[in-house]
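Open the model in your viewer and keep the selection panel at hand. The stops below follow one another.

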Amino acid sequence: MAKPVGRITRGTTGTNRLRRIDRWIAAQPVLRRTDDPLVVDLGYGASATTTLELRDRLARVRADVQVVGIEIDPQRVRDAAAATRDGVTFQLGGFEIPTARRPAVIRALNVLRQYEESEVAGAWTTMIGRLQPGGLLVEGTCSELGRVASWVALDPAGPRTFTISLRLTDLAEPSIVAERLPKALIHRNVPGERIHALLAELDRQWAIAAPLAVYGASQRWVATVEAMRSAGWPVHDGRTRWRLGELTLDWAAVAPPVE
Ligand SMILES: C[S@@+](CC[C@H](N)C(=O)[O-])C[C@H]1O[C@@H](n2cnc3c(N)ncnc32)[C@H](O)[C@@H]1O
């Protein structure tokens, strides 16, 4: 076997940490449409927990989903082997995704966070090169408990959308996500960059919508997102998803300039 592409990093993970990401993936059309519902969980970390959770959540929309957890750390692959079950296997590998078949979905959460920004484009290209036509790579970052998350979704042609997902209860400012941006954006949150403009506008609209908090934080978030759309931001979806504390936009709205 060729040497896996990438390197071993910290294996921090946790129960339910990736629920916001899994819920979003389950709502995408890709799994319902594909003839081969193979899903890769790249870099599952020190335990098999989030891979098993991914399988359970996706099985609700696609009963025959098969999830392969891929880790670059051989010890973590040996440790996870005991968790193998119907619809879930584990294997050694890296960004090259050494599965026999092409995946419909690749989830890579909290993996590129520990790489350099300059390594992101190459890792993205390698991973999307393995997707089925119409497939989806979800690459992002979240907090330890999964209450603050953001991710980029890419299809085989490149990045398509950027999503923020926040627990709204006790949310002070949406820009809390600044600490949990994907590697492609985290160093770009400075004046003059699009991601900085987005977070500043989100904070402003969240403050304007403060009186709606009496009806609940979800109502306040929905009003915030509606205001973002009215201001011209290319916002996706509708209230059903916004109520969950999500905001998805065209990637172009936040993409760093090509250098
Ligand atoms: C912080 S853990 C993330 C665990 C889990 N995905 C989560 O979000 O809770 C990152 C894991 O990614 C693994 N990793 C790093 N680069 C990798 C690569 N190129 N291919 C596969 N696994 C990788 C590391 O060994 C580590 O176990």
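Start with the largest pocket, whose volume is about 400 Å³. Here a pocket is an open set of points on a 1 Å grid over the protein atoms alone, where a 1.4 Å probe fits, with protein on both sides within 12 Å along at least five of seven lines. The volume is the space filled by probe spheres set on the points. Select T9, R10, N110, V111 and Q114: of 32 lining residues (an atom within 4 Å of a point), these are closest to the pocket centre. The lining has 11 nonpolar, 12 polar and nine charged residues, with Gly counted as polar.

This is a predicted model: local features need pLDDT of at least 70, side-chain atom pairs need 80 or more, and totals for chains, interfaces and linings use all residues. Numbering starts from 1 along each chain as its sequence is written, and side-chain values use heavy atoms, without hydrogens or water.

Next, show the strands (DSSP E runs of at least two residues). Eight of them form an open, mixed sheet in the order 3-2-1-4-5-6-7-8. Pairing takes at least two DSSP bridges. Strand 3 (88-92) and strand 8 (246-250) are the edges. Now select 38-42 and 66-71: strands 1 and 2 run parallel, joined by five bridges. D41 stands opposite G69.

Finish at helix 1 (19-27) and helix 3 (49-59); helices are H or I runs of at least four residues. Select R19, D22, I25 and A26, which meet E53, L54, R57 and L58 (heavy atoms within 4.5 Å).

Methods:
Axes fitted to C-alpha atoms, helices over the stretch in contact; angles between N-to-C directions.
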